[in-house]
Amino acid sequence: MSPDPTSSRAFYSFLTSVVVPRPIAWVSSTSADGVDNLAPHSFFTIASVNPPIVQFTSVGRKDSVRNIEATGEFVVSFTPEDLFEAVNATGTDFPPDVSEFDAAGLTREPSATVGPPRVLESPVALECRLHLLQDMGNCTLVFGEVIHAVVSEEMLDGDLPAIDALKPLSRLGRNEWGTAGTIRDITRIPFRDWPGHYDAAEPAS
């Protein structure tokens with residue numbers, strides 16, 4: 001099979017079925033009229049470490065993009081598996097004057113440094129100031145500098161969040177969602193310790 005990249009909708013479905021799993025940015029923003037928007041965006045990653053910048057892509061110019069363009073601020077809340085149905089509900093195409101916080105029964109928590117609220121039920125939030133909006137085809141790439149981060153203490157193992165406590169949701173293909181599943185721990189091999197050969201087909205001892 002050779003998918004046709006010129007058939008945009010079909011190729012979109014193909015790409016989202018093979019670029020998996022994808023973390024979810026649960027983006028809260030506030031319109032110029034003061035309506036709080038909350039939407040999941042599954043094209044999400046870290047764009048820079050210093051300065052700390054996260055990036056999500058909006059397919060089409062959705063309310064998230066329009067609000068961030070107007071105010072220059074947004075929050076990315078973490079999506080744990082126990083909020084699966086609420087995260088999915090906030091992906092509904094409500095009109096701009098309807099807040100997904102209210103429609104999905106979620107609680108606003110005031111942010112420390114930006115106007116849009118955090119999701120109280122979420123264990124992690126990244127408060128962001130707009131760094132760059134970049135239109136690319138039918139998408140808009142949103143880059144935000146993280147100016148404040150919060151995490152629930154019960155998620156921590158030492159100084160860092162523990163993956164088995166966070167229990168992240170991810171997006172897969174079609175209408176499929178994923179969880180962390182089996183967690184494997186392996187240390188990257190430094191060059192000084194390289195064994196001189198490596199056979200990926202050998203079973204691990």
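## Terms and model

Helices (H or I, at least four residues) and strands (E, at least two) are DSSP runs, numbered from the N terminus. Two strands pair if DSSP finds at least two bridges between them.

What you see is a predicted model, in which local features need pLDDT of at least 70, side-chain atom pairs count only at pLDDT 80 or more, and totals for chains, interfaces and linings use all residues. Residues are numbered from 1 along each chain as its sequence is written, and side-chain values use heavy atoms, with hydrogens and water left out.

## The sheet

Let's begin with the overall layout. Seven strands form an open sheet with antiparallel pairing, in the order β3-β2-β6-β9-β10-β5-β4. At the edges stand β3 (36-41) and β4 (44-48), each with a single partner strand, so one side of each has no neighbour in the sheet. On average, neighbouring strands are turned by 35 degrees against each other, direction ignored (axes are lines fitted to C-alpha atoms, for helices over the stretch in contact, and angles run from 0 to 180 degrees between N-to-C directions).

## Strand partners

Now follow β9 (residues 124-136). Twelve bridges link β9 to the antiparallel β10 (residues 139-151), and Q134 faces L141 in β10. Two residues lie between the strands of this hairpin, where G137 takes a positive phi near 60 degrees.

β9 also runs antiparallel to β6 (residues 73-77), joined by five bridges; here E73 stands opposite R129. Three bridges connect β6 with β2 (residues 25-30), again antiparallel, and V27 is opposite V76.

## A helix on the sheet

Helix α2 (residues 63-71) packs on the sheet and touches β2, β3, β5 (53-59), β6, β9 and β10, where contact means heavy atoms within 4.5 Å. The direction of α2 makes about 50 degrees with that of β2.
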